[in-house]
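Thank you all for making the time this morning.

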Amino acid sequence: MKNLKYGLFSILVLFVLTFIYLVAYNLYEPKAYDFMIANVNTQKLSFDKKKNVDGHDDIVLVVIDNKAVQNYRWPWKRELHSKVYGYFQEYAKPKVIVQDLLIAALDPDNPQSDRKFFNSVSKFNNLIGGFLAYEAFYDEPQKGENYEEKFIKKYEYKNITEKTLPSSFLYSLMLFPDPYFDILKYTGFVNLYPGFLDKSFKGDLQRTQEYFMNYKGHVFPSLSMAAFLYINNNPKVEITKNYIKFPELNYKIRHKMTKYQMIIPRKFYKAYNYDSTFYSHKKYSAVDIITSYENLKQGKAPIYDPEIFKDKIIVYGACATADEGLNDIKETPVLKRHPGVDVQASGIDNLVHNDYLIVLPKWLNILLTILCMFFVCIIINRYEFMKAIVYTILLIFGYLFLCAICYYYDIVINVLTPVVMFITATIFAYINRYLTESRNKEKVKNALSKYMSEDVMKNVLKNIDNLGLGGKKSVVTVLFSDIRGFTSLSENMTAQQVSELLNEYFSEMEPIVTKYNGIINKFIGDAVMAVFGEPIQDGNHPLNAVKSGWEMLKKVEELNEKWQTEGRNQIHIGIGINTGDVFIGNIGSENRMEYTVIGDTVNLASRLESYNKVYNTKMLISVSTYEFSKNAIFVNEIENVEIRGKSEKMNIYEVTSVEKAQ
């Protein structure tokens with residue numbers, strides 16, 4: 001039963017710890033992750049030159065920003081885009097242009113402008129346009145299915161030797177206008193889903209990215225992955241349970257898989273202010289590109305020398321806070337208002353430079369947490385309260401420092417979840433310590449109760465921190481009882497028989513003394529010394545002592561009847577009782593003390609017990625005891641008794657009945 005109780009308790013503790021761990025991980029860990037990314041990972045110390053915090057220089061942004069919208073009112077005629085592309089196609093010669101703009105319809109009011117745009121796009125072999133996939137179904141199913149068939153045939157990435165992708169929850173595609181579809185050579189999806197490491201769709205922050213989409217069994221790259229694939233001549237791809245592999249490049253990216261997502265932690269970079277908007281990559285205004293293009297056409301000096309864009313990866317998009325339609329803003333750990341075009345650039349940056357966060361496996365995080373909790377428990381069990389708390393706090397700060405170092409070097413480790421578990425472990429450890437100490441205290445009390453009265457024991461435990469020699473004077477009644485002729489009786493008995501007889505005898509006497517508010521101070525061989533009036537306060541202690549003695553005599557008669565039927569030896573006892581002043585308290589030395597009573601009152605009670613042999617009586621009491629109890633007892637007076645150790649003779653009394661007490 002005891003093992004079952006411990007087993008159930010252990011299961012309950014394990015369940016509570018697991019629940020707290022999951023709650024802490026889901027509620028607090030994303031916030032800790034965001035803090036560490038924003039304040040540690042992307043803010044590395046300047047002396048560490050090997051650690052890059054800025055977006056790489058080979059990736060730049062061209063943005064339709066506030067300045068561009070102020071010069072050319074939105075919505076732009078598409079011929080403005082064609083001027084941007086003309087600048088890059090004719091002069092700058094970038095490595096690739098990633099268009100983070102969606103072309104979903106023709107401009108019926110400006111067909112000539114559309115033609116110029118499509119003409120400029122058709123000249124590019126290195127331009128990648130974006131598309132969206134939707135959870136909704138097509139409004140016109142037949143039209144959508146026909147478009148899908150063409151889209152899949154043209155844009156599906158087929159150079160995949162193995163694929164293990166989560167199931168798609170997307171059911172329709174954004175439809176390109178036919179002229180745009182015909183001339184756009186490469187595309188990638190621009191869907192961005194929030195996520196937290198191994199939890200899909202957790203909150204609204206862009207913490208993770210996906211590089212491939214499983215759309216109805218067909219694989220499409222993201223916009224950033226499409227750029228990487230183009231730069232590397234469309235290499236073979238193997239998508240396994242844990243990795244995206246590029247065997248020809250000797251390159252692989254670790255990911256986690258959920259039901260709907262292939263999760264890869266985004267690596268962000270330090271953001272800088274460009275005209276009241278923060279970007280982590282070098283940013284240029286689209287209007288300055290247009291002006292530069294027009295100046296070059298006229299033989300004038302451009303605002304930007306085309307050479308600065310040569311062989312660069314250009315991400316072209318919009319982020320104009322002045323126009324709600326162009327306010328492509330995402331929330332990320334590093335920025336609450338992070339331009340979407342820069343988020344796409346970060347994805348490309350991660351890919352091109354193999355610049356990723358390393359996420360510790362879940363099992364390693366759990367193991368580390370358990371180890372630290374184990375150390376917390378050791379600390380609490382080994383040290384007193386204040387030291388244990390200080391050491392536990394130091395352990396927590398030490399762990400947080402370790403987390404900061406890990407994030408500094410791009411290693412993602414659980415931060416707050418373990419701290420919550422450390423605190424939980426501390427609470428549980430102190431609960432366990434309290435319960436253990438309570439159990440031990442009960443064991444001590446049970447053990448002490450076998451050596452002293454319960455009231456003496458309570459007094460000792462109550463003053464456990466202030467135990468010392470000393471006591472007080474008090475009026476008590478002392479009772480001595482002794483077995484007549486026990487020495488000669490025991491000579492005819494074995495040691496085992498003597499032990500059994502005494503144990504049974506004492507076991508019957510102790511409850512009687514306790515019943516009348518007395519305590520057995522000590523067993524002296526076959527004798528019992530009991531005290532009434534202290535430490536149990538009792539104003540009627542003389543009479544209660546007499547009642548107790550009388551009942552002890554009756555109990556011995558019952559025992560003799562029982563033992564006679566069992567063929568065992570019988571006994572007779574004598575009792576002496578005296579009331580008077582005593583010293584009661586702790587007697588002995590600092591290392592060994594005893595709670596007892598001393599004084600002439602004790603000596604007289606002992607003498608009275610021995611005089612039962614002289615007068616052939618069973619219970620003798622002193623005059624002081626008689627005076628306190630005479631109205632409730634019957635006695636025979638024995639006059640002028642010479643008591644050893646007393647200079648004067650005194651009267652003593654044989655108790656013959658306590659009927660008046662009934």
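Predicted model: local features only at pLDDT ≥ 70, side-chain atom pairs only at ≥ 80, totals over all residues.

If we leave aside the neighbours within four places in sequence, the residues in contact with histidine 281 include Gly55, His56, Tyr269, Asp342, Ser346 and Asp349.

That brings me to histidine 56, which belongs to the loop between helix 2 and strand 1 (59-64). The side chain of histidine 56 also makes a polar contact with the side chain of aspartate 349, here at 2.5 Å, and, again leaving aside neighbours within four places in sequence, histidine 56 is in contact with Tyr269, His281, Asp349, His353 and Asp355. Histidine 56 and serine 346 are 290 residues apart in sequence, yet their C-alpha atoms are 9.2 Å apart in space. For the protein chain as a whole, if we take contacts between residues at least 6 apart in sequence, 73% of them join residues at least 24 apart.

Next, the helices. The protein chain has 20 helices and 33 strands, and 49% of its 662 residues count as buried. Helix 2 (residues 29-41) packs against helix 12 (residues 385-408) at an angle of about 65°, the axes being 9 Å apart, and the crossing is right-handed. On the helix 2 side the meeting residues are Tyr33, Met36, Ile37, Val40 and Asn41, while helix 12 brings Leu400, Cys403, Ala404, Tyr407 and Tyr408. Sorted by class, this contact has 9 nonpolar residues, 1 polar residue and no charged ones.

Staying with helix 12, its 24 residues reach 35 Å from the first C-alpha to the last, which is close to the 34 Å expected at 1.5 Å a residue. At the start of helix 12, a side-chain oxygen of glutamate 384 comes to within 3.2 Å of the backbone nitrogen of methionine 386. The buried residues of helix 12 include Ala388, Thr392, Ile396, Tyr399 and Cys403. An α-helix has 3.6 residues a turn, so residues three or four places apart point the same way. After helix 12 comes aspartate 410, with a positive phi near 65°.

Helix 8 (residues 223-231) is mostly covered, with 7 of its 9 residues buried, among them Met225, Phe228 and Leu229. Just after helix 8, asparagine 233 has a positive phi of about 60°.

I will finish with some backbone details in loops. Lysine 216, although not a glycine, has a positive phi of about 55°; it lies between strand 11 (212-215) and strand 12 (218-221), and it is partly exposed, with a relative accessible area of 42%. There are also cis peptide bonds to look at: one joins tryptophan 74 and proline 75, with omega about 5°, and another runs from glutamate 534 to proline 535, with omega near -5°. Proline 75 is in the loop between helix 3 (66-71) and helix 4 (78-92), whereas proline 535 is in the loop between strand 28 (527-532) and helix 17 (541-565).

Methods:
Residues numbered from 1 in each chain as written. Heavy atoms only, no water. Axes fitted to C-alpha atoms, helices over the stretch in contact; angles between N-to-C directions. Helix = DSSP H or I, 4+ residues; strand = E, 2+ residues; numbered from the N terminus. Left-handed = near helix turned anticlockwise from the far one by under 90°. Contact = heavy atoms within 4.5 Å. Nonpolar A, V, L, I, M, F, W, Y, C, P; charged D, E, K, R; others polar. Expected span 1.5 Å × (residues − 1). Buried < 20%, exposed > 50% of the residue type's maximum accessible area, 1.4 Å probe, protein only. Polar contact = N/O pair within 3.5 Å; in protein donor to acceptor, adjacent residues only side chain to side chain.
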